[in-house]
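Please open the structure in your viewer and keep the sequence beside it.

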Amino acid sequence: MALNQTPGQQVSYEGISPRRQAFDLVLRRGILRTFRFGTHHWLLIVNTVAAIVFALPTVGVPLLRAAGLELPADIIYGVYGFTCHQMPSRSFSLFGQQMALCHRMSAIHGAFFAFGLLYIPFRRRMKCLPAWLAVAYSLPMAADGFSQLFGWRESTWELRLLTGSFFGLAVVWYTFPHFELLLGVLNRQLRSELSAIER
């Protein structure tokens, strides 16, 4: 039983039943269509995930706790605890309850989501942020965070929000145009493969 494929040609089967061939075709078509949907609608997917990742700790946790739903709030709080120190003195409160992200992490996630939405109308014209500028946008956050970590000074919530927002902007501006180019190429390849098996 062998499966032969020559570059540029359709897959040929030897010794495989028609039922198995039909199943294989349906499976390949489904996989290609799924990946093509993902490459075509990547921005919608990323922004949706970013909205959820931002809203759960900043609005979801305080809202759940205010409603007396401690278990789901604790689960979300615990998950975000892997990436954030969650110090009460460096976190905002909503509905009288502490958010599951600190000032800086809230700014990073919020900026990523906000600038991800802002990218939509400019996606065809926006050029990628140069790497040196991406680093420059990130330096204020590094300087603010490390100087506070080493006890040289105490940051403020305004600085944490500002530097975190700059970092979120840099991530979107640097990575999204790259994704646009890469996934556009991949989408065309998937469309070509899909057309080949649907002939």
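Which elements do the buried residues of helix 2 pack against? Keep that in mind while you select residues 42–66, which form helix 2, and remember throughout that this is a predicted model. The buried residues of helix 2 pack against helix 1, helix 3 (70–80), strand 3, strand 4, helix 4 (103–119) and helix 6 (157–197). To see which residues these are, colour Trp42, Leu43, Asn47, Ala50, Pro57, Thr58, Gly60, Val61, Pro62 and Arg65, the buried residues of helix 2.

Stay with helix 2 and look along its axis, where a kink of about 50° lies at Leu56, shortly before the proline Pro57. The 25 residues of helix 2 should span 36 Å at 1.5 Å a residue, and the end C-alpha atoms, which are 35 Å apart, agree with that value. Val59, also in helix 2, counts as partly exposed because its relative accessibility is 37%. Just after helix 2, select Gly68, which takes a positive phi of about 85°.

Next, select helix 1, residues 18–40, whose 23 residues reach 32 Å from the first C-alpha to the last, close to the 33 Å expected. The buried residues of helix 1 are Asp24, Arg29, Leu32 and Thr39.

Now move to strand 3 (residues 91–94) and strand 4 (residues 97–102), which pair in the antiparallel sense over 3 bridges.

For the next stop, select Val61, Ala73, Ile76, Tyr77, Tyr80, Cys84, Ala100, Leu101, Cys102, Met105, Ile108 and Met141, the 12 residues that make up the largest nonpolar core. Helix 3, strand 4 and helix 4 each supply at least two residues of this core, and the largest share, 4 residues, comes from helix 3. A second, separate core has 6 residues, among them Trp42, Tyr119, Val172 and Leu183. In soluble globular proteins, nonpolar side chains tend to be buried together.

Finally, centre the view on Tyr77, a member of the largest core. Leaving aside its neighbours within four places in sequence, Tyr77 is in contact with Val61, Arg65, Gln86, Gln98, Met99 and Ala100.

Note on methods
Residues numbered from 1 in each chain as written. Predicted model: local features only at pLDDT ≥ 70, side-chain atom pairs only at ≥ 80, totals over all residues. Heavy atoms only, no water. Buried < 20%, exposed > 50% of the residue type's maximum accessible area, 1.4 Å probe, protein only. Pairing = 2+ DSSP bridges. Expected span 1.5 Å × (residues − 1). Bend = angle between axes of the 7 residues up to and from the residue. Contact = heavy atoms within 4.5 Å. Core = buried A, V, L, I, M, F, W, Y, C linked by side-chain atoms within 4.5 Å.
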